[in-house]
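Work through the exercises below with the sequence and the 3D view side by side. Try each task before you read its solution.

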Amino acid sequence: MDMFILLTLLQMLSLNEAYNFTCPSQAHWNLRAKSMCNPERNYTCLFNVTFRVNVYNDTCNRPRLLGPGYKYVFQPNLNRATCSATRYQPFLFNTNGNSDCTYQKSLCNSLGQETYKIGNTSVDRKCICNTARGYSFVRNPKNQCYCDPSTEDCSCYLGINPYNETIKTKDINCYDDIEMTGISYLGDRYNISRKIKIVEFDNYIYNVHYVPTNLYRILAAILVLILSFACVVVLIIVQRAIRGWIKTRSTPRKLDIVECTDCSITIEWFIDVPDECLSYELDYRPQRTKDWSTGTFLSKDVLKEEYGQRMYKLQNLQPETYYELKMRSVYEEDVKSHYSESKTKQTLKLAPRKLDIVECTDCSITIEWFIDVRDECLSYELDYRPQRTKDWSTGICLSKDVLKEEYGRRMYKLQNLQPETYYELKMRSVYEENVKSHYSESKTKQTLKLGKDFIFQLDAS
């Protein structure tokens, strides 16, 4: 069963080429019409003869009718055309369900047949038996001169009597306007009388004469083994070809790093074909080391966007460290693609952690945060804004102005704020050469109302 599926897949791949569009058959006409036009009767599919471009086109247009013997074509708009020499249209032509003249003309080329009259584009060809060579109709037609193959049986037979003489047919005067088209290779051989020899077939004599021997059995066994071996070889070749195709076509492309923090790197890549892989392997290591680590994540855990874009965040990394990354796709039966190109990125300085608001007044907010490592930053950037606005303000506080306590705790008071206002805050560290860490998590707090004493002083003044 697996071999059959693989061979079918190989055949489909070999046929993966462009093809010329043709109008749907009657069985598929309604399906195509439903998918393209509303209402369905407006679906039109016709031959396009514009600039001698022999192709079919389909579009949505109201149904059209033509008289017998004609059909519609695109030139480039709808135009009347006669049926081809090999087809005829005996009734009205309707663009709803038809793309060509309905019937194909009979050929009148069976044994002993000749063409009596070709006819126009609205009738079928008329046939006649070659009576000069001893042929007659198997069944008498309605007209004594010709037979209509669209409504009658026009088969011919060679008449022979028991005295080995050709049976003479009646001399019918129907050859004034006949258009005889004989079969050239037959010549005049049918004017010669022939004897018919009947040989009776004997199954017993035939089977006894061709009794199989051991040599035949050995040859048959060898042939079966050769065919079995060939099937196994073909199966192996197909499997390797499919694996090679998967490795080539399904390799993650355009691997890039789109975001970086002090402990994570976010990557993006693209997949050309439908993403049927089960998972991905992401290999990463600190640069200039040999210690590769492999992270495996399922395809369902990947952020999928349009145009085949995929995104994933690699976490739990060390700050201020250069990392080299590469990845590949993993499919069923552990089939893996080639590795993508590798990318290198340095994680940022350690951001302030555990940012929290410890005190709040009507015009100030006091924040605290923690630094695990030795605090070598020169200053801090404190970004704040009234909640639900886009107007971020940035306050710069030097490291020496920050209140430092044990266990890496730091504190700072942000002043000159508006009372009874929700503020959103976040911060980051700034080091030498303006190297900045990632932002901390944001916090939101509302300042208090104005104090009563302050309000009284305002009224008195």
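This is a predicted model: local features need pLDDT of at least 70, side-chain atom pairs count only at pLDDT 80 or more; totals for chains, interfaces and linings use all residues.

Residues are numbered from 1 along each chain as its sequence is written, and side-chain values use heavy atoms, with hydrogens and water left out.

**Exercise 1. Describe the disulfide of Cys23 and Cys45.**

Step 1: apply the cut-off. A disulfide is a pair of cysteine sulfur atoms within 2.5 Å. The sulfur atoms of Cys23 and Cys45 are 1.9 Å apart, and the two form a disulfide. The structure holds six disulfides.

Step 2: Helices (H or I, at least four residues) and strands (E, at least two) are DSSP runs, numbered from the N terminus. Cys23 sits in the loop between helix 1 (2–14) and helix 2 (26–36). Cys45 belongs to strand 1 (residues 43–48). The pair links distant parts of the chain, 22 residues apart.

Step 3: find the hand. The torsion about the S-S bond of Cys23 and Cys45 is about -90 degrees, so this disulfide is left-handed.

Step 4: check the accessibility. Buried means under 20% relative accessible area, exposed over 50%, partly exposed in between (1.4 Å probe, protein chains only). Cys23 has 14% relative accessibility, so Cys23 counts as buried. Cys45 is buried because its relative accessible area is 0%.

**Exercise 2. Find the hand of the disulfides Cys108–Cys127 and Cys147–Cys154.**

Step 1: take Cys108 and Cys127. Their sulfur atoms lie 1.7 Å apart in a disulfide. The torsion about their S-S bond is about -75 degrees, so the link is left-handed. Cys108 is in the loop between strand 8 (103–104) and strand 9 (113–117), while Cys127 is in strand 10 (residues 126–129). The two ends are 19 residues apart. Both Cys108 and Cys127 are buried.

Step 2: take Cys147 and Cys154. A disulfide joins them, with an S to S distance of 2.0 Å. The value about the S-S bond is -85 degrees, and the link is left-handed. Both Cys147 and Cys154 are buried.

Step 3: turn to a cysteine without a partner. Cys360 is in no disulfide; the nearest cysteine sulfur, that of Cys363, is 9.2 Å away. Cys360 has 16% relative accessibility, so Cys360 counts as buried.

**Exercise 3. In what order do the four strands of the open sheet lie?**

Step 1: recall the rule. Strands of a sheet pair through backbone hydrogen bonds, either parallel or antiparallel. Two strands pair if DSSP finds at least two bridges between them.

Step 2: read the order. The four strands run 16-15-19-20, with antiparallel pairing. The edges are strand 16 (293–298) and strand 20 (343–346), and each pairs on one side only.

Step 3: look at one pair. Strand 15 (residues 279–286) and strand 16 are antiparallel over six bridges. Asp283 has Thr294 in strand 16 as its bridge partner.

**Exercise 4. Is Leu219 buried or partly exposed?**

Step 1: locate it. Leu219 lies in helix 4 (residues 214–249).

Step 2: compare with the cut-offs. Leu219 has 47% relative accessibility, so Leu219 counts as partly exposed.

**Exercise 5. Which peptide bonds to Pro39 and Pro76 are cis or trans?**

Step 1: the bond from Asn38 to Pro39 is cis, with omega near 5 degrees. Pro39 lies in the loop between helix 2 and strand 1.

Step 2: the bond from Gln75 to Pro76 is cis, with omega near -10 degrees. Pro76 lies in the loop between strand 4 (70–74) and strand 5 (78–82).

**Exercise 6. Give the phi values of Glu320 and Asn416.**

Step 1: phi of Glu320 is near 55 degrees, a positive value in a residue other than glycine. Glu320 is in the loop between strand 18 (309–314) and strand 19 (322–330). Its relative accessible area is 41%, so Glu320 is partly exposed.

Step 2: phi of Asn416 is positive, about 60 degrees, although Asn416 is not a glycine. Asn416 is in the loop between strand 26 (409–414) and strand 27 (422–430). At 73% relative accessibility, Asn416 counts as exposed.
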